[in-house]
Amino acid sequence: MKNPELSHAHAAAPDFIDYFIDSGNFLNIAQEPLRERNCVFCNIAHGEDPSTDLLYKDDNYVAFRSIRPAASHHYLIIPKSHIKDAVGLGAQHVPMLDEMEAIANDVLTQLGGDSRTARIGYHWPPFISVSHLHLHAIAPADDLSIKASILFQPGSKWFRTTQEVVSRIKARAVKPSL
Ligand SMILES: [Zn+2]
Ligand SMILES: [Zn+2]
């Protein structure tokens with residue numbers, strides 16, 4: 001039977017408020033990075049994939065080894081927030097792209113790779129294996145098979161460097177809206 005006093009005490013609070021308070025999520029909601037259920041990269045970003053070692057992490061990004069390395073150095077840098085791909089990025093994302101590029105170069109260098117011989121860039125839909133924005137950092141490019149060299153070819157329609165992604169954002173920003 002319902003306790004009339006209890007229902008009275010809760011009468012002013014909508015159910016969802018109760019839910020967040022009860023689940024302990026109330027204070028965390030605003031600070032939590034955007035996360036997608038069942039996204040393998042979201043799990044890695046939150047340190048919840050025991051089989052993946054994080055080579056780098058800070059408040060906004062993590063880096064880890066590709067499970068299908070195309071060369072002796074092949075790392076992925078991802079934002080903790082679930083951003084699908086590079087297509088929808090706008091001017092507000094340029095600092096993020098610059099930071100990811102800097103992390104890619106740092107991780108490569110620290111692990112003995114040479115960023116001057118590297119391929120660093122983003123796959124373009126539909127050539128994306130996991131729909132969570134990830135920057136590939138691969139070195140040396142001489143290690144790449146012919147197939148991989150095509151797959152990670154800067155300047156192609158399917159693989160774009162940070163500079164190419166940023167140029168595209170800037171070109172779109174100045175285009176008058178129709
Ligand atoms: Zn994700
Ligand atoms: Zn990719």
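Leu 108 touches His 73, Tyr 75, Gly 113, Ser 115, Ala 118, Ala 137 and Ala 139, leaving out residues up to four places away in sequence. Here two residues are in contact if their C-beta atoms, placed from the backbone, lie within 7 Å. Leu 108 sits in helix α4. Helices (H or I, at least four residues) and strands (E, at least two) are DSSP runs, numbered from the N terminus. Leu 108 is buried, because 24 other C-beta atoms lie within 10 Å. The cut-offs are simple: a residue is buried with 20 or more other C-beta atoms within 10 Å of its own, exposed with 12 or fewer, and partly exposed in between, with C-beta atoms placed from the backbone. The C-alpha atoms of Leu 108 and Ile 138 are 8.1 Å apart, although 30 residues separate them along the chain.

This is a predicted model: local features need pLDDT of at least 70, side-chain atom pairs count only at pLDDT 80 or more, and totals for chains, interfaces and linings use all residues. Residues are numbered from 1 along each chain as its sequence is written, while chains are lettered from A and ligands numbered from 1 in the order in which they are written.

How far can the model be trusted? The mean pLDDT of the protein is 85, and 79% of its residues reach 70 or more. pLDDT is the predictor's confidence in each residue, from 0 to 100. Over residues 1-31 it stays under 50, and the model has six contacts beyond four places in sequence for them. Where pLDDT is low, the predicted coordinates should not be read in detail.

Now the overall layout. The protein has six helices and six strands. Along the sequence, the pattern is α-α-α-β-β-β-α-β-β-α-β-α. Of its 178 residues, 26% count as buried. Among contacts with a separation of 6 or more, 63% join residues 24 or more positions apart.

Next, the core. A nonpolar core is a set of buried Ala, Val, Leu, Ile, Met, Phe, Trp, Tyr and Cys residues joined through C-beta atoms within 7 Å. In soluble globular proteins, nonpolar side chains tend to be buried together. The largest nonpolar core has 33 residues, of which Ala 63, Ile 77, Ala 104 and Ala 137 touch the most other members. At least two residues of this core come from each of α3, β2 (61-65), β3 (73-79), α4, β4 and β5. Helix α4 supplies the largest share, six residues. Ala 63 is in contact with Leu 55, Tyr 56, Tyr 75, Leu 76, Ile 77, Ile 103 and Val 107, leaving aside its neighbours within four places in sequence.

Helix α4 also has a helical partner. Helix α4 (residues 94-110) packs against helix α6 (residues 162-174) at an angle of about 175°, with their axes 10 Å apart. Axes are lines fitted to C-alpha atoms, for helices over the stretch in contact, and angles run from 0 to 180 degrees between N-to-C directions. The two helices are therefore roughly antiparallel, a label for angles over 145 degrees; under 35 counts as roughly parallel, 65 to 115 as roughly perpendicular and the rest as oblique. Val 94, Leu 97 and Glu 101 in α4 meet Thr 162, Val 165, Val 166 and Ile 169 in α6. These contact residues divide into five nonpolar, one polar and one charged. For this count, Ala, Val, Leu, Ile, Met, Phe, Trp, Tyr, Cys and Pro are nonpolar, Asp, Glu, Lys and Arg charged, and the others, Gly among them, polar.

The backbone has some points to check. Most residues other than glycine have a negative phi, and most peptide bonds are trans. The peptide bond from Pro 125 to Pro 126 is cis, with omega near 5°. Pro 126 is in the loop between β4 (119-123) and β5 (135-139). The bond from Ala 139 to Pro 140 is also cis, with omega near -10°. Pro 140 lies in the loop between β5 and α5. Asn 38 is not a glycine, yet has a positive phi of about 65°. Asn 38 belongs to the loop between α2 (15-23) and α3 (40-45). It counts as exposed, because it has 6 C-beta neighbours inside 10 Å.

Arg 35 is also in the loop between α2 and α3. With 14 C-beta neighbours inside 10 Å, Arg 35 counts as partly exposed. Arg 35 and Ser 81 are 46 residues apart in sequence and 6.0 Å apart in space, C-alpha to C-alpha.
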